[in-house]
Amino acid sequence: MTIEQIVLLVAVLFFIVLVAAGWYGWRTAQSASRMPYYLMRRERILAGWRVIIFGLVFGLAGLAILIFGRRAAYTLFPPTPSLTPTLTPSLTPTITLTPTTTLTPTITPTLSATLTATVSPTPAFPSEIPLLSLVTPNPDAAFGQIQFAYEVSYPPAGTQEAFDSPAGTIYGMFEYNFIDPGVDWTAIWYRQGEIICVESFPWDGATGGWGYTECTPQAWEAGEHEVRMFIGGTWKVTSRFTVVRGEPSPTPSGAPAP
């Protein structure tokens, strides 16, 4: 069971105790009218009210658990985000053959092209986005992999890696940990290397849990999209999704419609 389900189950049990105690206390107080003596009636009424007050205490506790329970649970048991794995290249063993005859080459082969290894650099923070916070980021701060969907839910539901003709807002949900309040965090949405959305604010949430970023461009165009997340000016995670068929781009003002 998830933390949200456990908190909800405990709150429901407390509300059940509230209803049961209220019903039993009321029945006990009502039965006092059939008692022949005043002191016995008074004792029965007081007993009924004690049960009702006991149920109200459980009801208030259940309401507090429903409102603050998830935050307290995440504080005591902060989730560990799933970090981007670093792949270790596998080396292909070279087989050494022993020739039986030594041939004298008559032609010296010439390479037609020089192959250059491709290196994937760490994404750099764009210089045109200002960083305003004076809070020094925690070096252990981390974001988990971003999961994309049309609606926000924790844990994420209905996530997709490809969207067909999307319209409106797409949300990227992620786990996070060790993020101090007030530190700058930035989410940059790209389409094939071009920035389409930017979110950059001082962090105002807890130090661990779930969060989301969102993007609502003028139109979702087909192609590869990616989201890069930064703490301060340090890159933390990149996740990608595909728009299979996009919306038509809006017609510029003054241009004739096709």
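The structure is a predicted model, and its secondary structure comes to two helices and nine strands. Read along the sequence, these elements follow the pattern α-α-β-β-β-β-β-β-β-β-β. Of the 258 residues of the chain, 29% count as buried, and among the contacts between residues at least 6 apart in sequence, 70% join residues at least 24 apart.

**Helix H1**

- The buried residues in H1 are Val-7, Ala-11, Ala-21, Gly-25, Thr-28, Ala-29 and Ser-31, and what covers them includes helix H2, which is made up of residues 38–76.
- As background to reading such a list, an α-helix has 3.6 residues a turn, so residues three or four places apart point the same way.

- Strand S1, residues 142–143, runs antiparallel to S4 and is joined to it by two bridges, with Ala-142 standing opposite Asn-177 of S4.
- Strand S2, residues 147–149, also pairs with S4 in the antiparallel sense, here over three bridges, and Phe-148 stands opposite Gly-172 of S4.

**The five-stranded sheet**

- An open sheet of five strands has the order S3-S9-S8-S5-S6, and its pairing is mixed.
- The edge strands of this sheet are S3 (162–164) and S6 (194–202), each of which pairs on one side only, and the twist from one strand to the next averages 20°.
- Within the sheet, strand S5 (residues 184–191) and strand S8 (residues 223–231) pair in the antiparallel sense over seven bridges, and Ala-187 stands opposite Met-229 of S8.

**Nonpolar cores**

- In soluble globular proteins, nonpolar side chains tend to be buried together.
- The largest nonpolar core of this model has 23 residues, and those with the most contacts inside it are Phe-143, Trp-189, Met-229 and Phe-241.
- Strands S4, S5, S8 and S9 (234–245) each supply at least two residues of this core.
- A second, separate core of five residues includes Phe-125, Ile-129, Ile-188 and Phe-230.
- Leaving aside its neighbours within four places in sequence, Met-229 is in contact with Phe-143, Ile-146, Phe-174, Trp-185, Thr-186, Ala-187, Thr-213, Thr-234, Trp-235, Lys-236 and Val-237.

**The disulfide**

- A search of the whole structure finds one disulfide, formed by Cys-197 and Cys-215, whose sulfur atoms are 2.0 Å apart.
- Cys-197 lies in strand S6 and Cys-215 in strand S7, so the pair ties together parts that are 18 residues apart in sequence.
- The torsion about the S-S bond of Cys-197 and Cys-215 is about 70°, so the disulfide is right-handed, and both cysteines are buried.

**Ile-196 in strand S6**

- Ile-196 has its place in strand S6, and because its relative accessibility is 29%, this residue counts as partly exposed.
- Not counting residues up to four places away in sequence, Ile-196 touches Trp-189, Tyr-190, Arg-191, Cys-215, Trp-220 and His-225, and among these Cys-215 is one of the two disulfide cysteines.
- Ile-196 and Pro-217 are 21 residues apart in sequence, and their C-alpha atoms are 6.5 Å apart in space.

How values were computed
Residues numbered from 1 in each chain as written. Predicted model: local features only at pLDDT ≥ 70, side-chain atom pairs only at ≥ 80, totals over all residues. Heavy atoms only, no water. Buried < 20%, exposed > 50% of the residue type's maximum accessible area, 1.4 Å probe, protein only. Helix = DSSP H or I, 4+ residues; strand = E, 2+ residues; numbered from the N terminus. Contact = heavy atoms within 4.5 Å. Pairing = 2+ DSSP bridges. Axes fitted to C-alpha atoms, helices over the stretch in contact; angles between N-to-C directions. Core = buried A, V, L, I, M, F, W, Y, C linked by side-chain atoms within 4.5 Å. Disulfide = S-S within 2.5 Å.
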